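This report covers strand pairing, the ligand shell and model confidence, in that order.

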Amino acid sequence: MGAAATLQNRGFVFLCNFRIVGHTHGPVVGVFGLLSSIHRSPLFLPHHAVFEQHPELRVRPLVPGDYGAWSALRDGVIAELPHPDFYVREDDEQAFFDAHTDPGGETIGVFAHGDLVAYAMVGFPSCDAAAQNLGALIGLPAVQHAKVTHLSSCMVTPTWRGRGLQRALLAARLALAHARGRPLCLAMVSLHNHSSRHNLLRQGLHIAWTGAIDGLQRHVAMIDLDHGLHFDMADEILLPSDDFVALREAAAADYACIGEVRDASGVRLRYVRHLHHDRTPW
Ligand SMILES: CC(C)(COP(=O)(O)OP(=O)(O)OC[C@H]1O[C@@H](n2cnc3c(N)ncnc32)[C@H](O)[C@@H]1OP(=O)(O)O)[C@@H](O)C(=O)NCCC(=O)NCCS
């Protein structure tokens, strides 16, 4: 039995083939490591090719002392965004960072030769209104708000882009959400951020809601890790990815975006009608 299988049987949570070298509150398990101290149901993910191809990468949860490196990475990325709407900085960066470290969340950091080159955050919001639980925003019943995980910010430095890091980090965050018993994973994404939306869709999320959040036009993409969804695949509409009104109306009419069509004219989003055979409303 390999190291991975042994640890899985102990009920730990693996995050791909990441080399975790420390953790804020959990056990540290060698170079294959795990990222969570939560011994709920084990979830084993196949290792991700990006980490095989780049053995220099190291992954660990960020801790308070990493704030400076995290902040510097963000400064550099935000200064060079291809579109300003891709990411609008939080008013209080320190509070945002703190909210995404133990116990309210986790931030996974990816390091190359000691330098932070990417990060991805999960948040476990409380159910009160002030927590701005995205589940409340998109109309999930109150009883489900405690099951929500926010797939918050993810950034990759330009030299490390195009190698699948965001997708690998997304898989890792879904594993964390599962381990935490918060299977309703929600991510906010700009209508202009084609790469992020593409990666969310490739990881099995669908766009469940489109509307204005703090004056910004945003999708909320979602996956329920515990339940599948049902669609009428014959009832399909293709909508331009920048047609905010049409996208908002499609979501309100119970269509969900599950894919995209990319061609010379741009990106169109593929919506199919959501069926509610098994439960309501999700
Ligand atoms: C968005 C970001 C995190 C992506 O990181 P990354 O590791 O380079 O992403 P990946 O390499 O995993 O994936 C990029 C994917 O987007 C796809 N993509 C690129 N342009 C696209 C477009 N116009 N339409 C649809 N998909 C597109 C790529 O084809 C690729 O998918 P593929 O591997 O299936 O071909 C990175 O570009 C970044 O940090 N941007 C600035 C900050 C930001 O916007 N963060 C997200 C919001 S917090």
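## Strand pairing

Strands β5 (residues 184–190) and β7 (residues 216–224) run antiparallel and are joined by 7 bridges. Strands here are DSSP runs of E with at least two residues, helices are runs of H or I with at least four residues, and both are numbered from the N terminus. Two strands count as paired if DSSP finds at least two bridges between them. S190 has R218 in β7 as its bridge partner.

β7 also pairs with β6 (residues 206–213), again antiparallel, over 7 bridges. I213 bridges to L216 in β7. The hairpin of β6 and β7 has 2 residues between the strands, and D214 takes a positive phi near 50° there.

## Ligand shell

The ligand is surrounded by 25 residues. R161, Q166, H194, S195 and H198 are the closest. α7 supplies the largest share, 6 residues.

By class, the shell holds 9 nonpolar, 10 polar and 6 charged residues. Nonpolar means Ala, Val, Leu, Ile, Met, Phe, Trp, Tyr, Cys and Pro; charged means Asp, Glu, Lys and Arg; the others, Gly among them, are polar.

## Confidence and conventions

This is a predicted model: local features need pLDDT of at least 70, side-chain atom pairs count only at pLDDT 80 or more, and totals for chains, interfaces and linings use all residues. Residues are numbered from 1 along each chain as its sequence is written.

Mean pLDDT (the predictor's confidence in each residue, from 0 to 100) is 84 for the chain, and 80% of its residues reach 70 or more. Over residues 1–46 pLDDT stays under 50.

Notes:
A residue is near a molecule or strand if its C-beta atom, placed from the backbone, lies within 6 Å of it. Two residues are in contact if their C-beta atoms, placed from the backbone, lie within 7 Å.
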